[in-house]
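Okay, thanks for coming, everyone. Let me put the model up and then walk through some charged side chains.

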Amino acid sequence: MRVGYGYQGLGAPHDESDLDVDDLSDGWHRLMRQWMEAAVEAEVPEPNAMTLGTVDAQGHPCTRTVLCKGLSADGVLFFTNYASDKGHQLAAVPYASATFAWLPIARQITVRGPVERVSAEITDEYWHSRPRGSRLGAWASDQSQPIGSRAELDAALRHAAERFGVDGDIPVRPNWGGILIKPEVVEFWQGRANRMHNRIRTSRGDDDGWIVERLQP
């Protein structure tokens, strides 16, 4: 049986320009936004999906996919139930890694840095932009907690719908909100033929400036 390993002859299907250190002269945020917009234009599925890495109580790495809901010079924003596994883990070790992989356009970005909870105002604004069903789901699910069956979960959703009615306001669930990753290391990866990929890393220096360097693939 022949096993195929992707990227053996990978070029740059979306943008023929080579990633270089000068591309980060205006900071990581501008280039990251450009790459995310390119992923949207290329119709990459879930272009704002990122693999979030945390550390559990035993010091073991844990990963899962979450959706980026905000990108600014301050950092990368996502929302969750603070009582979930990742919420507890980030409370205990407030540092995270998140990787965006846009394989159809041969690009990847990894950000690493400390995390902090966002203000109630930011959480409230995002919460009320969500579809009603998503807000009900947040009330119905005690995220990461065991449940006996799918039927029990569906019953919890029906109960939430009955509680708030058809048109009633659905307030932000307590202990639910945003978490901001404040990058201190950001690495950009661009696929190239023969595994001679481009890797540029920028990291925050001691003087709060940023150091940009090319890495070997």
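Quick term before anything else: buried means under 20% relative accessible area, exposed means over 50%, and partly exposed is in between, with a 1.4 Å probe and protein chains only. So at 47%, Asp142 counts as partly exposed.

Housekeeping: this is a predicted model, where local features need pLDDT of at least 70, side-chain atom pairs count only at pLDDT 80 or more, and totals for chains, interfaces and linings use all residues. Numbering runs from 1 along each chain as its sequence is written, and side-chain values use heavy atoms, with hydrogens and water left out.

Now, Asp142 has a partner: its salt bridge (a side-chain nitrogen of Lys or Arg within 4 Å of a carboxyl oxygen of Asp or Glu) goes to Arg173, with the closest N and O atoms 2.4 Å apart. The two sit 31 residues apart, Arg173 in the loop between α5 and β7, Asp142 in the loop between α4 and α5. (Helices are DSSP runs of H or I, at least four residues, and strands are runs of E, at least two, numbered from the N terminus.) Arg173, by the way, is buried, because its relative accessibility is 15%.

How many salt bridges does a search of the whole structure find? It's 8. Another one is Arg214 with Asp20, at 3.5 Å between the closest N and O atoms. That pair spans 194 residues, from strand β10 to the segment before α1. Arg214 is partly exposed at 41%, and Asp20 is too, at 34%.

Last one for today: Glu213 and Arg201 also form a salt bridge, N to O at 2.7 Å. Glu213 is in β10 and Arg201 in β9, so this pair ties together parts 12 residues apart in sequence.
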